[in-house]
Amino acid sequence: MSHQRTILIADFELPRGAVGIEQLMAMPRAGWEHLRAQINLRRRQDRTRSLAKCRLCEGGVFIRSQATRDSHVPLYAHFPEASKECPWYDGNNLRPDDARAAQYQGHQESALHRRLCAIIEEVTKADPRCSHSAIDTYLRPAIHQRGRWPDVYVEMGSLGRFALEIQLSKPFAPEIAARHLHYDREGVALVWIFNMLEHPMPQGFHDVVTMQRGNAFVFDEAAEAASLERGTLMLNCHLEDGKGGWLAPRLVTLHDLRTESGRCVFVEDRRSDLLEAWSRTERDRWWKALREARKQKPDWPFYHDAFANPWEALGHEVPGLAGWEAEFWAQRSDRARAHSAMLFAILCSVAHSADKGMPVLHITKFKGETAVLQMLNSKLMAADFRHCGRLIETFIDHSRLSPLLAVESLSKKIFEAVRSDEQIDEEHPLWRAMARLFPEALNGVVRAELSDLGRLPKWASAAE
Ligand SMILES: [Zn+2]
């Protein structure tokens with residue numbers, strides 16, 4: 001066997017930007033699955049404009065989920081039309097149609113499948129709210145023409161219209177994206193129903209769970225018995241526990257499903273909350289330290305030992321931070337930790353002011369309506385933070401205070417800073433440290449995911 005070549009860098013559309021293979025592989029499962037789903041959705045909507053491109057040949061790439069012993073690892077792969085001349089060409093991608101044919105042949109006529117469809121329609125119809133139901137006759141243009149497998153369609157009065165996909169074989173990623181887009185356009189809530197949860201779960205099921213924000217719906221024996229008893233469709237709802245497993249399942253009805261979020265149907269959003277919590281963890285530590293330090297040294301809290309633990313914790317998350325600390329000491333005879341605490345206070349001032357809609361400063365003593373502007377100008381003028389001109393500019397640009405960048409005094413200070421001092425960039429440990437503390441503004445991948453989910457916090461959203 002020859003050594004397998006692989007795509008090392010994919011360029012995503014902004015704001016995500018470049019995501020190297022190492023960064024991809026280091027992401028939590030929910031992170032790369034979200035990217036994978038977004039790529040597939042885009043592919044469905046516009047085949048000519050891939051969300052991610054190969055750095056070398058600029059051909060469209062997708063995220064292939066490679067099964068390992070007990071899990072999956074994400075890898076990039078070219079879409080089939082990519083140039084075979086690309087040095088990273090990986091060859092032998094199954095063409096989606098072949099893969100589909102191979103996968104669904106034999107499953108289509110599955111007797112178990114027919115039986116489940118019939119039972120699910122039966123129990124749903126028993127609900128007095130149900131005004132119409134059908135198996136495998138609801139028209140799905142484009143999808144309908146291809147070899148396909150049955151599903152149940154029901155109209156449930158005020159609850160809305162539902163397409164229930166009973167999925168026994170693993171679904172194929174492009175099909176998942178196609179169906180979500182299709183039903184979303186039709187105003188029909190799409191619910192994927194499994195008859196069991198496999199361990200380890202095939203990637204196709206993970207993709208469905210990603211679309212359903214960490215929810216899996218299972219029609220098993222318990223759900224069937226409960227459905228017959230209650231006279232309406234009951235599903236066993238499994239929620240991700242955030243640690244790679246599941247919470248104990250609970251029985252839910254169509255009434256319990258949240259259908260207002262466009263393409264996704266779920267009982268509880270298990271993904272966005274975790275991402276939000278992750279985004280806040282390190283920042284909360286630093287914020288606590290700043291408040292603690294200020295209590296004891298109101299005028300100059302930044303050298304306080306309260307920052308020792310948060311600094312150490314951040315070092316575990318940001319490679320190169322310790323090396324930079326030594327370098328910083330050698331160059332400036334100053335402590336990198338205190339310097340970071342001051343930068344944290346500057347950025348916190350921007351974020352908190354953006355959130356409150358009025359100046360809230362944690363560094364300098366400026367007062368009045370233009371306090372944020374004056375604070376930024378003074379910090380950029382002094383030598384200490386000139387090397388952060390670009391960082392501060394990016395941060396403001398990704399906040400509700402972005403109109404400040406149009407103010408001449410500030411744009412001049414940034415220009416001067418960039419001109420007079422070497423700038424840290426996205427790869428610099430200090431930038432990465434701030435990106436870990438404020439991922440909503442400085443981590444393109446996280447920022448885009450929160451935005452897709454409609455969960456970007458107010459301070460980091462576009463100005464109105
Ligand atoms: Zn390529």
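Leaving aside neighbours within four places in sequence, which residues is Leu376 in contact with? Keep that question in mind while the first selections are made, and note that this is a predicted model, in which local features need pLDDT of at least 70 and side-chain atom pairs count only at pLDDT 80 or more, whereas totals for chains, interfaces and linings use all residues. Residues are numbered from 1 along each chain as its sequence is written, and side-chain values use heavy atoms, with hydrogens and water left out.

**The nonpolar cores**

Select Leu376 and show its surroundings: Ile346, Val350, Ile392, Ile396, Leu404 and Leu410 are in contact with it, apart from the neighbours within four places in sequence, contact meaning heavy atoms within 4.5 Å. Leu376 belongs to the largest nonpolar core, a set of 56 residues in which Leu343, Leu376, Phe395 and Leu410 have the most contacts. Helix H11, residues 336-356, gives the most to this core, with 13 residues. A nonpolar core is here a set of buried Ala, Val, Leu, Ile, Met, Phe, Trp, Tyr and Cys residues joined through side-chain atoms within 4.5 Å; buried means under 20% relative accessible area, exposed over 50%, and partly exposed in between, with a 1.4 Å probe and protein chains only. Helices (H or I, at least four residues) and strands (E, at least two) are DSSP runs, numbered from the N terminus. Next select Ile119, Val154, Ala189 and Phe217, which are among the 28 residues of a second, separate core.

**The zinc ion**

Move to the zinc ion, and display Cys54, Cys57, His78 and Cys86, which coordinate it through SG, SG, NE2 and SG respectively at 2.1 to 2.3 Å. Donors are N, O and S atoms within 2.8 Å of the metal (3.2 Å for Na, K and Ca), and because water is not among the atoms, sites may look incomplete. The angles among the four donor atoms run from 106 to 113°, and the site is tetrahedral, a label given to four donors if all angles lie between 85 and 135 degrees. Along the chain, the donors follow the spacing C-x2-C-x20-H-x7-C.

**Other cysteines**

A search of the whole structure finds zero disulfides, a disulfide being a pair of cysteine sulfur atoms within 2.5 Å.

Go on to Lys458, in the segment after helix H17 (444-452), where it is partly exposed with a relative accessible area of 44%. Lys458 and Asp355 are 103 residues apart in sequence, yet 6.0 Å apart in space from C-alpha to C-alpha. The side chain of Lys458 reaches the backbone oxygen of Asp355 at 3.0 Å, and, leaving aside neighbours within four places in sequence, Lys458 is in contact with Ala354, Asp355 and Arg400.

Glu440, in helix H16 (residues 439-442), is buried, with a relative accessible area of 3%. Not counting residues up to four places away in sequence, Glu440 touches several residues, including Arg280, Arg283, Arg447 and Trp459.

**Backbone stops**

Most residues other than glycine have a negative phi, and most peptide bonds are trans. Select Leu14 and Pro15, joined by a cis peptide bond with omega of about 10°; Pro15 lies in the loop between strand S1 (9-12) and strand S2 (18-20). The peptide bond from His199 to Pro200 is also cis, with omega near -10°, and Pro200 lies in the loop between strand S9 (189-194) and helix H6 (203-211).

Arg213, in the loop between H6 and strand S10 (215-218), has a positive phi of about 50° although it is not a glycine, and counts as buried at 9% relative accessibility. End at Ser333, in the loop between helix H10 (321-332) and H11, where phi is positive and near 50° and the residue is exposed, with a relative accessible area of 54%.

Definitions and conventions
Tetrahedral: all angles 85-135°; square planar, octahedral: opposite > 155°, others 65-115°. Polar contact = N/O pair within 3.5 Å; in protein donor to acceptor, adjacent residues only side chain to side chain.
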